[in-house]
Amino acid sequence: MTIESIRQAIIADPENRLFTEDGIFPLFEAPRTARILIVGQAPGIRAQESGMYFQDPSGDNLREWLGVDEETFYQSGLIAVVPMDFYFPGSGKSGDLPPRSGFADKWHQQILQEMSELELTILIGQYAQHYYLHQKKSVKVTDNVKNFRAFLPEYFPLVHPSPRNNIWQAKNPWFKEEVLPVLKERVAAILSR
């Protein structure tokens, strides 16, 4: 299979019929040459409407955390973005709804098989972390991020880079002091090979 044939299968999947009928296509990027994979929750409404992931203040923060510019992030072919769901799941009382259950099970492994150069998977938020680290829902994102070294070299757990998490960052100064320098160093080492 190729990434394009997988994309077409996702578009044709009856579970995504309403999105396809509305002209909405799955939002992910999986170049064969990618060395770093970013797994987040799902596109927000703005990303879905524009067809561009992380083209917002959250994306600006994420690129700063990684130590990469927009050109490297979007055009180098070294960074893949494969969220837990490729479509905006809708809005709830306190933000976006969770990604659809079973979506990652259905598509992620097929996509990952097409990217043989991956060296690091960055897991943003609880859904990606619980899924990829095989954790119970009771495990806290803060604990994963604080203990990030336990998941290296394959995984690097992060909080969401949304400006809404600035309060969390203020309460957890160790994140900027201890976690981000290691993340930047690891990303730079991988991208410079």
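## Close-up views of a predicted model

View 1. Leu37 has Ala80 as its bridge partner in β2. The model is a predicted one, in which local features need pLDDT of at least 70 and side-chain atom pairs count only at pLDDT 80 or more, while totals for chains, interfaces and linings use all residues. Residues are numbered from 1 along each chain as its sequence is written, and side-chain values use heavy atoms, leaving out hydrogens and water. Over 3 bridges, β1 (residues 36–39) runs parallel to β2 (residues 79–81); another parallel pairing, over 4 bridges, joins β1 to β5 (residues 120–124). Here, strands pair if DSSP finds at least two bridges between them, and the elements are DSSP runs numbered from the N terminus: helices (H or I) of at least four residues and strands (E) of at least two. In β5, Ile122 stands opposite Ile38. Ile36 and Ile38 point one way from β1, Leu37 and Val39 the other way, and all are buried (under 20% relative accessible area, with exposed over 50% and partly exposed in between; 1.4 Å probe, protein chains only).

**View 2. The buried side of helix α6.** Look along α6 (residues 103–112) for its buried residues: Phe103, Ala104, Trp107, His108, Ile111 and Leu112. They sit on the same side of α6 because their arc around the axis is only 125°, taken from the directions from the helix axis to the C-beta atoms. These buried residues pack against α1 (3–12), β1 and α7 (125–132), a contact being heavy atoms within 4.5 Å.

View 3. The structure holds 14 aromatic pairs (Phe, Tyr or Trp rings, the last by its six-membered ring, with centres within 6.5 Å; stacked if the planes are under 30 degrees apart, edge-to-face over 60, tilted for the rest). One of them is the tilted pair of Tyr53 and Tyr74, at 5.6 Å centre to centre and 45° between the planes. Tyr53 is in the loop between α3 (45–50) and α4 (57–66) and Tyr74 in α5 (residues 70–75), so this pair ties together parts 21 residues apart in sequence. Both Tyr53 and Tyr74 are buried. Trp168 and Trp174 make an edge-to-face pair, because their planes lie at 80°, with ring centres 5.6 Å apart. Trp168 and Trp174 are buried too.

**View 4. Arginines over ring faces.** Arg7 lies over the face of Phe28, 4.2 Å from the ring centre, and Arg63 over that of Phe73, at 5.3 Å. The test asks for NZ of Lys or CZ of Arg within 6 Å of the ring centre and within 35 degrees of the ring normal. Phe28 also belongs to an aromatic cluster with Phe19, Phe86, Tyr87 and Phe103.

**View 5. Salt bridges across the sequence.** The structure holds 9 salt bridges, each a side-chain nitrogen of Lys or Arg within 4 Å of a carboxyl oxygen of Asp or Glu. In one of them, Arg32 meets Glu114, with the closest N and O atoms 2.8 Å apart. Arg32 lies in the loop between α2 (17–21) and β1 and Glu114 in the loop between α6 and β5, so the pair ties together parts 82 residues apart in sequence. Arg32 is partly exposed at 47% relative accessibility, whereas Glu114 is buried at 12%. Arg100 and Asp85 also meet in a salt bridge (2.8 Å, N to O). Asp85 is buried at 0% relative accessibility.
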